[in-house]
Amino acid sequence: MKTSLDHRAARGLKKLAALLLLLPLLCACGCALVDGASGLSRYQASYLDVFDTATILTVYAPDEAQADAWLEETHALLLQYHRLYDIYNSYDGLSNARTVNENAGVAPVRADTALVELVLYAKDMYALTGGRMNIALGSVLSIWHEYREAGLENPDGAQLPPMEALEEAARHADIEDVVVDEAAGTIYLADPKMSLDLGAIAKGYAAQKVANEMEKRGVSSMLLSVGGNVVAIGARTDGKDWKVEVQSPYGGEALYLLNVNGLSVVTSGSYQRYYTVDGARYHHIIDPATLMPALYYDSVTVLSADSSLADALSTALFCLPPEESQALATRAGVDVLWVATDGAQTMTEGFRAKLTN
């Protein structure tokens, strides 16, 4: 739908503008900062065509040619994952998440290994989070998406989805109906009214896979920021940690600056995508238990060695009350900053230890 794409593009431009505020910490594209000790220089590139969001890649390389090669390879890999996990668009010769959704209740879809592995991982995350991260909730999320886009297009006519429609859609969100045959390499949605939505996990999962691949290709110092999902390969070549901002959900200056070395930082926030109905804001993070936007926090930031885990947990932790959310973080072995809807902050000791000026 054209209006939907226009809104996503506009939000992407806003996100890119926000991310470009990091330029004092990073080097702008075309500007090489040389580290005398290593002889490597820092290069950067930005994109708007990956996961409908703003992506900034920063890498240390011996020369511009090598930097361009690594940046182009990283971007190309991210695009591959974007197309594979896309539920809105089809691509010639590719069976992706949309293909799986279109064949719900019809037939298993032979899928790329990377899509099969993501779905299996997501099912594990469903179990870990007690269902708070559920890729089978697509039918519910698509209703919210439709109403949100209509509300953004026509703010005066913005409405909430009828609860009856959400409850009916939720009857088609059983994770057990997502059937994966690893040997055959197929994914089958046994419920014809079911659909997958990979938005709560795809960016973090893809960013981690791409970072792992680029390490194999010789990259030792790179920072990937995919819509704010940040993955650090190693440290900077001067031996110092990368500096990563934690955005305030209320705008203005960053809440904190983190020291990051070989870690990932992922934030879920009520400020990222929302619309307004009768003066009240309704964000995009839907609690599977209530089928409404989760009400506990304005943002949750997860720090982990695994971006896949951080992305999945940032959503799940956002949908759980404080005690349960903190207990899940402990079980999963991640460090977290919670910003409650009243502005109160809670953080793990491990998160606090990474704070810097």
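This is a predicted model: local features need pLDDT of at least 70, side-chain atom pairs count only at pLDDT 80 or more; totals for chains, interfaces and linings use all residues.

Colleague: Why is Thr267 called buried?

Modeller: The relative accessible area of Thr267 is 15%, and buried means under 20%, so Thr267 is counted as buried.

Colleague: What makes the link between the side chains of Thr267 and Thr301 a polar contact?

Modeller: The distance between the side chains of Thr267 and Thr301 is 2.8 Å, and the limit for the pair of N or O atoms is within 3.5 Å, so the distance meets that limit.

Colleague: Why is the aromatic pair of Tyr85 and Tyr205 called edge-to-face?

Modeller: By the rule for rings, the count comes to seven aromatic pairs. Tyr85 and Tyr205 form a pair with 6.3 Å from centre to centre and 65° between the planes; because centres must lie within 6.5 Å and planes over 60 degrees apart count as edge-to-face, both the pairing and the name follow. The pair links distant parts of the chain, with Tyr85 in helix H2 (residues 64–85) and Tyr205 in helix H7 (residues 202–216), 120 residues apart.

Colleague: How do you know whether Tyr85 and Tyr205 are buried or exposed?

Modeller: Tyr85 has 4% relative accessibility and Tyr205 has 5%, so with the cut-off for buried at under 20%, Tyr85 counts as buried, and Tyr205 counts as buried.

Colleague: What makes the meeting of Glu73 and Arg217 a salt bridge?

Modeller: The N to O distance between the side chains of Glu73 and Arg217 is 3.2 Å, and because the nitrogen has to be within 4 Å of the carboxyl oxygen, the pair qualifies. Glu73 is in helix H2 and Arg217 is in the loop between H7 and strand S7 (222–226), 144 residues apart.

Colleague: How do you know that Glu73, Glu213 and Arg217 are linked in a network?

Modeller: Arg217 meets Glu73 in a salt bridge, and Arg217 also meets Glu213 in a salt bridge, at 2.8 Å from N to O, so Glu73, Glu213 and Arg217 are linked in a network of salt bridges.

Colleague: Why is Arg171 called exposed, whereas Glu168 is called partly exposed?

Modeller: Arg171 has a relative accessible area of 57%, and exposed means over 50%, so Arg171 is exposed; Glu168, at 33%, falls in between the two cut-offs and is therefore partly exposed. Arg171 and Glu168 form a salt bridge, their closest N and O atoms being 2.6 Å apart.

Conventions: Residues are numbered from 1 along each chain as its sequence is written. Side-chain values use heavy atoms; hydrogens and water are left out. Buried means under 20% relative accessible area, exposed over 50%, partly exposed in between (1.4 Å probe, protein chains only). A polar contact is a pair of N or O atoms within 3.5 Å; within protein, one must be able to donate a hydrogen and the other to accept it, and residues adjacent in sequence count only if both atoms are side-chain atoms. Rings of Phe, Tyr and Trp (its six-membered ring) pair if their centres lie within 6.5 Å; planes under 30 degrees apart count as stacked, over 60 as edge-to-face and the rest as tilted. Helices (H or I, at least four residues) and strands (E, at least two) are DSSP runs, numbered from the N terminus.
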